[in-house]
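Please look through the structure below slowly, keeping the sequence beside it, and then follow the explanation one step at a time.

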Amino acid sequence: MDSVTSDVVLTVLRILIAVVFIAMGVNHFVPRSARTMAAMIPPWLRPDGRVTPLTLVYLTGVCEIAGGLGLLFPPTRVLAGVALVVFLACVFPANAYAAGHRERFGALAIPLVPRLIGQVVLATLVLLVAFF
């Protein structure tokens, strides 16, 4: 693959990943989705009342939007990529909790191993588009 083709592929991939993060971040502010995501926060990760699970959902939504936007701007691309990988690691406990409660979360309860593989693949793609 020549340099121009690889640049185009990386740019398209970067835009797609950014759009996914931005769209998922916006979804954190849709009331029904936000309530479901708040319920996915494991009891052992819930703060002692100072910050509600819904507030954490809104905060993670802002993080996803900011990370997605950050991938689109060269000066912030690397920082945004690293931050998004850290973000993916931080939200994994909620995804793991949901995976263990399929009766409660339905289609959102992706089994643990496929979810982990998906997150690792996504994190790898984020780093690829951030550093190259």
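In this predicted model, the largest nonpolar core is made of 14 residues, and those that have the most contacts inside it are I17, F21, L71, L84, L88, V126 and V129. Helix 1 (3-27), helix 4 and helix 6 (112-131) each contribute at least two residues to this core, and its largest share, five residues, is supplied by helix 4. In soluble globular proteins, nonpolar side chains tend to be buried together.

Two packed helices are described by the angle between their axes and the distance between the axes. For helix 3 (residues 53-72) and helix 4 (residues 77-99), the axes come within 8 Å and cross at roughly 150°. Because an angle over 145 degrees counts as roughly antiparallel, helix 3 and helix 4 are therefore roughly antiparallel to each other, and their crossing is left-handed.

On the side of helix 3, the contact is made by T60, C63, E64, G67, G68, G70, L71 and L72, while helix 4 takes part through R77, A80, G81, L84, F87 and V91. Sorted by class, the residues in this contact of helix 3 with helix 4 are seven nonpolar, five polar and two charged.

Notes. Residues numbered from 1 in each chain as written. Predicted model: local features only at pLDDT ≥ 70, side-chain atom pairs only at ≥ 80, totals over all residues. Heavy atoms only, no water. Axes fitted to C-alpha atoms, helices over the stretch in contact; angles between N-to-C directions. Helix = DSSP H or I, 4+ residues; strand = E, 2+ residues; numbered from the N terminus. Parallel < 35°, antiparallel > 145°, perpendicular 65-115°, else oblique. Left-handed = near helix turned anticlockwise from the far one by under 90°. Contact = heavy atoms within 4.5 Å. Nonpolar A, V, L, I, M, F, W, Y, C, P; charged D, E, K, R; others polar. Core = buried A, V, L, I, M, F, W, Y, C linked by side-chain atoms within 4.5 Å. Buried < 20%, exposed > 50% of the residue type's maximum accessible area, 1.4 Å probe, protein only.
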